[in-house]
Amino acid sequence: MRLARLVRLAGLVFPVAYLNAQLPAATAHTDVPVKSVMLFSSGVGYFEHAGVVHGDGSAELRFKTAQINDILKSLVVQDFDGGKVTTITYPSQDPISKTLRSFQVDITNNPDMASLLNQLRGARVTVQTPAEHISGTILGVETRPRATDKGAVIETPTLNLLTGATIHSLELPAITALSLDDPQLQDELTKALQALSQSRDQDKKPVTINFTGNGERHVRIGYLVETPIWKTSYRLMMDGKSARLQGWAIVENQTESDWNNVSLSLVSGRPISFMMDLYQPLYVQRPVVVPDLYSGLRPQLYEGAIATSTRGGRLADMTVTVPPRAVLVPRDQVTSRQDYVDGVPVGAPSYGTAGQSVQSAATTSQLGELFQYAIANVTLARQKSAMIPIVTDTVGIERLSIYNASVLRSNPLNGVRLKNSTGKHLQQGPITVLDKGAYAGDARIDDVPPGQERLLSYGIDLDLLVDNSKGTQTGAVVTARINKGALLIERKLVSSQDYQVDNKGSHDKTIIIEHPVRAGWKLAEGLKPVETTPSVYRFQGNAAAGKVTLLTVKEENVRQETVTMLPADVGQLLTYSRTGEIPQPVRDAIAKAIQMKQAVIELNNQAATRTTQMDAITEEQGRIRENMKTVDSKTPYYDRLLTKLNEQESQIERLQKEVGDLQDKSNAQQAALADYLNGLTVG
């Protein structure tokens with residue numbers, strides 16, 4: 001039937017042959033599968049595809065929208081054997097509604113046939129109905145009432161078509177096919193439908209790489225995109241003084257491609273990587289420069305330390321023995337047994353020395369400044385994750401207890417000093433600790449390059465109790481000097497902190513005490529830690545069984561305070577002049593300044609005494625003047641009061657002169673003191 005060969009698109013019916021004629025000729029697509037994957041611990045991955053292309057062809061890769069910026073920044077394409085890479089195309093980031101509105105035929109809101117034909121007013125079309133075949137120009141679409149067989153009236157959309165001088169009215173339900181006679185309109189409608197088809201998966205964007213050339217050629221495509229950080233988890237299996245470290249890489253394939261026999265590289269290191277918005281059009285007013293972005297650093301766990309003395313040396317009052325160094329134990333062979341107890345072969349090696357059943361799948365190598373685990377023939381479906389063994393090596397350990405008051409005040413933690421003797425870069429991650437086959441606790445480790453050591457703690461040591469409640473701080477002047485009248489005093493503060501370790505267990509233990517590093521403070525002479533980090537000193541010693549062991553950490557802080565001598569109090573200067581730690585020339589200079597200050601004070605006191613006398617006389621004069629008001633001026637008593645008043649005036653004049661002389665002497669003495677101190681530099 002004819003209707004079986006029709007397709008309805010955007011509410012309009014088109015012949016299948018017409019649609020096939022309008023679609024562009026298919027380009028030969030080449031399958032370029034993933035061959036190599038390199039994952040970095042900085043959160044990016046490098047992917048490499050390789051394949052064969054014949055003549056002119058293209059390869060299509062699909063990416064998440066958020067990955068397009070990385071693709072635009074890092075995509076590398078090679079066409080070997082004489083071929084060329086022409087263009088790389090990808091969809092616009094504009095919303096599909098905006099894209100559809102850019103075409104002459106707008107199908108944004110899924111228009112029905114009447115709405116679509118109204119957009120095409122003035123266009124020439126060919127319409128086919130069961131009764132006729134008509135070509136003409138669209139005038140428009142209107143709604144007309146039509147009576148049904150049952151007498152009802154319905155509104156029917158009707159197409160008005162101009163043919164020559166005749167207007168034909170055709171009911172839309174009667175139209176079986178319609179074609180556009182304008183090739184440009186045909187092309188616009190086809191492109192709009194293609195854009196709509198590509199937009200179905202808004203989060204997936206196809207990137208098409210076009211190649212041109214002759215014959216069969218090899219091509220390669222590489223790019224960098226954001227990927228989940230590959231993680232590592234470890235199992236530390238201890239048996240006595242030997243231990244075996246088993247590390248598993250946790251890898252996730254969150255790409256849009258399956259990994260089939262790919263070469264997987266896990267790179268331990270943190271190359272600088274950033275994102276830049278290249279996908280969305282940017283408009284920048286020159287000379288504005290878009291600033292660079294830098295990744296931040298992450299906090300560390302049990303920092304690597306700088307050794308400051310021979311490990312195990314004597315520390316203050318702490319009783320210390322030389323602990324055994326980390327011992328490397330060769331791998332033992334797993335033996336096959338017939339007898340089992342609780343599912344374990346009788347006489348089988350323990351966790352610490354067994355391990356041949358799990359072999360590392362990775363080969364290791366240095367990659368510039370980075371370290372690489374290379375794993376061949378990895379198959380992992382997209383959106384799947386896998387655990388891959390990459391470390392199965394014997395490592396050196398030293399058992400010890402680690403105390404830090406800020407972590408746990410009363411007890412140290414069970415731990416080990418682990419030496420990375422694997423020759424591999426150990427990526428940070430969790431560690432499950434098994435001691436003689438039993439679970440002992442969990443630990444965390446930071447990145448450890450080959451040959452370095454790190455402390456691990458995995459449980460509370462209940463055998464040891466630590467008391468750090470006793471601490472003192474004292475201060476004393478150690479020296480002083482004078483610089484242009486400023487007395488510069490050096491005062492030394494001494495802080496003492498006791499750590500009392502009570503070993504209630506039945507065997508001696510090696511303990512590390514972490515003491516905080518404080519700005520401005522340094523350890524007292526003769527006290528050296530085994531190692532130092534930016535935040536703590538580490539003291540190591542032996543805690544004897546059944547005894548209390550004492551470690552006293554003394555620190556010194558030399559501070560300088562400044563006393564300006566000119567306005568300083570005499571009593572304060574007198575104290576420094578009698579301090580034996582201050583050099584004698586400095587004390588003599590202070591004493592002379594005190595003498596000059598005291599001379600000024602004495603003159604000021606004399607002037608103040610005379611001022612007080614003048615105030616008393618002035619008060620007395622007021623009383624005399626009041627009495628004179630009540631006495632007859634011709635009486636002897638009046639004359640007596642008048643004589644007294646004259647004598648007091650003479651006394652005031654004399655005292656005023658003495659006060660002035662004393663003030664002049666005081667000012668001169670003060671000036672002499674200032675000159676002396678301003679030029680005074682001693683010590």
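Two strands count as paired if DSSP finds at least two bridges between them. By that rule strand β6 (residues 76-79) pairs with β14, since 4 bridges join the two, and these strands run antiparallel. The model is predicted, and the mean pLDDT of the protein chain is 80.

**Confidence**
- In the protein chain, 78% of the residues reach a pLDDT of 70 or more.
- Residues 1-26 have a pLDDT below 50. Beyond near neighbours in sequence, this stretch makes 43 contacts in the model.
- Residues 310-355 also have a pLDDT below 50. For this stretch the model shows 96 contacts beyond near neighbours in sequence.

- Y46 stands opposite L224 in β14.

**The open sheet of 5 strands**
- The order of the strands in this open sheet is β11-β10-β9-β8-β12, and the pairing is antiparallel.
- β11 (166-171) and β12 (177-180) are the edge strands. Each has a single partner strand, so one side of each is left without a neighbour in the sheet.
- On average, neighbouring strands of this sheet are turned by 35 degrees against each other, direction ignored.
- Inside the order, strand β9 (residues 133-147) and strand β10 (residues 153-163) pair in the antiparallel sense over 10 bridges.
- R144 stands opposite T156 in β10.
- In a regular strand the side chains alternate between the two faces of the sheet.

**Packing of α6 and α7**
- Two packed helices are described by the angle between their axes and the distance between the axes.
- For helix α6 (residues 570-577) and helix α7 (residues 584-628), the angle is about 155 degrees and the axes are 9 Å apart.
- Angles over 145 degrees count as roughly antiparallel, and α6 and α7 are therefore roughly antiparallel to each other.
- The crossing in which α6 passes α7 is left-handed.
- On the α6 side, the contact is made by V570, L573, L574, Y576 and S577. On the α7 side, R587, I590, I594, K597, Q598 and I601 take part.
- By type, the residues of this contact of α6 with α7 divide into 7 nonpolar, 2 polar and 2 charged.

Conventions. Residues numbered from 1 in each chain as written. Heavy atoms only, no water. Axes fitted to C-alpha atoms, helices over the stretch in contact; angles between N-to-C directions. Parallel < 35°, antiparallel > 145°, perpendicular 65-115°, else oblique. Left-handed = near helix turned anticlockwise from the far one by under 90°. Contact = heavy atoms within 4.5 Å. Nonpolar A, V, L, I, M, F, W, Y, C, P; charged D, E, K, R; others polar. pLDDT = per-residue confidence, 0-100.
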